[in-house]
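Okay, thanks everyone, let me get the model up on the screen. I'll talk through a few spots and then stop.

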Amino acid sequence: MLSSQFTEMNSRKIKFYNTLTREKEEFSPINKREVLFYSCGPTVYNYPHIGNYRAYIFADTLKRVLMYEGYKVKHIMNLTDVDDKTIRDSQKEGRSLEEFTEFYTKEFFKDIKAFNIIKPKKFAKATDYIDEMVDIVKKLLKKGLAYKSEDGSVYFNIKKFKDYGKLSRLVLADQKENASGRIKTDEYEKDNAQDFALWKAWDEKDGNVFWNTVLGKGRPGWHIECSAMSIANLGEQIDIHTGGVDNIFPHHENEIAQSESSTGKPFAKYWMHNEWLLVDQKRMAKSFHNFYTLRDLVDKNISPLAYRFWLLMANYRTRVNFVWEALEGAETALKRLYNLYIELDKDIGLSALPTGREQAGKVNKTYQNKFKEFIEDDLDTPRALSLLWDVLKDENISNADKKATVLDFDKVFGLGFENLKKEKIPEKVQKLVKEREQARQNKNFKESDELRKEINSLGYEVKDTPEGQKISKFK
Ligand code: AMP
Ligand code: ZN
């Protein structure tokens with residue numbers, strides 16, 4: 001891209017809601033052109049449910065917005081392939097941790113393709129970064145921010161990090177009496193904030209999952225995994241870190257504590273979190289047994305892209321309640337949009353013919369400016385989506401321009417418009433159209449009329465316009 005174009009694009013103000021400041025802030029990345037972006041990815045111990053996919057579709061939409069605005073995006077997503085849950089469930093199934101997590105990783109990859117999520121630049125597997133994790137823990141021990149417990153595990157001393165609680169707005173002084181100890185499990189609640197495990201000394205429950213390191217025989221805690229993978233792939237300071245709201249505490253709070261204590265620098269500039277997908281007003285979660293997966297959607301004839309479309313109808317920071325009727329409505333609405341789009345091709349007609357006369361459409365600037373205004377306002381996808389309908393129904397725009405505009409917006413929506421099949425005009429009809437073109441150039445109108453009749457008999461209509469013949473199927 002030309003630098004002048006870039007400057008022009010970036011003189012526009014993009015605003016994102018930053019959980020760290022609880023405000024919408026103007027986006028200004030560390031490097032002018034490349035955004036350093038880390039998303040907390042799945043724990044590969046089961047099929048992610050569609051609530052989890054809200055987090056990944058949100059991260060993908062955010063990335064698409066940044067790309068649309070002219071930024072390069074270096075996006076890293078982790079795969080948690082060692083933690084309490086993966087160890088527990090691989091043992092239940094009697095499979096090795098590697099074989100078990102590999103299976104669910106592959107399933108995850110299939111799902112993200114179906115949701116049209118652009119693959120991150122890299123998927124970082126936690127087990128590939130044990131050395132980097134150990135290095136951070138060593139630094140924290142050396143700086144006196146971490147300590148070893150009796151069993152050889154290493155804990156982060158939250159009282160020694162003065163900013164502890166800055167993301168989740170937790171005040172340590174308000175903690176319950178019993179919360180003054182330490183916690184070894186990966187997940188716990190905010191009112192139970194305690195020193196958390198950086199390194200877990202091996203115990204029998206871990207079976208054959210352990211690494212022999214300078215910290216002893218054991219495995220990493222969940223939180224240190226993301227700090228290490230983010231720093232290793234993106235450097236000590238990044239622009240955006242995403243996850244669902246439940247990641248704010250303890251996961252992201254702990255990531256900040258570990259990363260900032262070890263590097264001495266602010267970790268992520270913008271922390272962005274998607275809200276819950278609810279079922280009967282309760283968060284969708286594996287532990288509540290109220291979840292659905294992509295397979296359940298497909299069984300009910302709801303396409304994964306209709307789910308994506310439905311999510312885009314709400315802002316990522318509002319809670320959405322899952323009901324089948326709403327999903328069915330989204331499926332119908334998306335099909336209507338697809339049909340309106342396909343209809344455009346019928347009248348473009350000659351575009352299917354290799355005559356070189358096809359007029360490439362232009363993105364409508366008035367609509368595009370509105371579109372940018374919406375997406376730059378903290379990803380206001382509901383308002384941006386309404387423009388799709390407006391464009392498709394606007395009688396003052398040519399079909400070719402409508403197409404170009406829809407495809408332009410779909411770079412952000414990711415609803416797959418570019419894959420919709422253009423109606424193919426049969427070769428026989430194409431041949432007759434070309435012959436008719438020749439006849440008309442030779443002013444042989446009798447032949448031209450006969451050719452028209454022949455084309456009609458094959459079910460196609462010909463209109464002569466200043467740009468040439470337009471072909472469409474008889475309705
Ligand atoms: P996990 O595999 O449990 O670490 O979750 C993966 C991602 O899904 C995290 O970013 C969570 O915050 C997010 N998540 C989990 N449940 C929901 C839900 N019901 N709605 C929205 N996001 C969720
Ligand atoms: Zn994470």
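So, where is P250 found? P250 is found in helix 7, residues 248–263; helices, H or I with at least four residues, and strands, E with at least two, are DSSP runs numbered from the N terminus.

Housekeeping before I go on. This is a predicted model, where local features need pLDDT of at least 70, side-chain atom pairs count only at pLDDT 80 or more, and totals for chains, interfaces and linings use all residues. Residues are numbered from 1 along each chain as its sequence is written, chains are lettered from A and ligands numbered from 1 in the order in which they are written, and side-chain values use heavy atoms, with hydrogens and water left out.

Back to P250: the peptide bond joining F249 and P250 is cis, with omega about 0°. Another backbone spot is D280, whose phi is near 50°, positive although D280 isn't a glycine. You'll find D280 in the loop between strand 14 (277–279) and strand 15 (282–283). For context, most residues other than glycine have a negative phi, and most peptide bonds are trans.

Now the zinc ion, ligand 2. C40 (SG), C226 (SG) and H251 (NE2) coordinate the zinc ion at 2.1 to 2.2 Å. Donors here are N, O and S atoms within 2.8 Å of the metal (3.2 Å for Na, K and Ca), and water is not among the atoms, so sites may look incomplete. The spacing of the donor residues in sequence is C-x185-C-x24-H. C40 sits in the loop between strand 3 (34–39) and helix 2, while C226 is in helix 6 (residues 222–234), so the pair ties together parts that are 186 residues apart in sequence.

On to ligand 1. It has 16 residues around it, and Y56, G244, D246, L277 and M284 come nearest; "near" is a heavy atom within 4 Å. Those residues divide into five nonpolar, eight polar and three charged, with Gly counted as polar and Tyr and Cys as nonpolar. Helix 2 gives the most to that shell, four residues.

What about polar contacts, meaning pairs of N or O atoms within 3.5 Å? A polar side-chain atom of D246 is 2.2 Å from an oxygen atom of ligand 1. On the backbone side, a polar atom of G244 lies 3.0 Å from a ligand 1 oxygen, and one of T43 lies 3.4 Å from a ligand 1 oxygen.

That's my tour, over to you.

Methods. A polar contact is a pair of N or O atoms within 3.5 Å; within protein, one must be able to donate a hydrogen and the other to accept it, and residues adjacent in sequence count only if both atoms are side-chain atoms.
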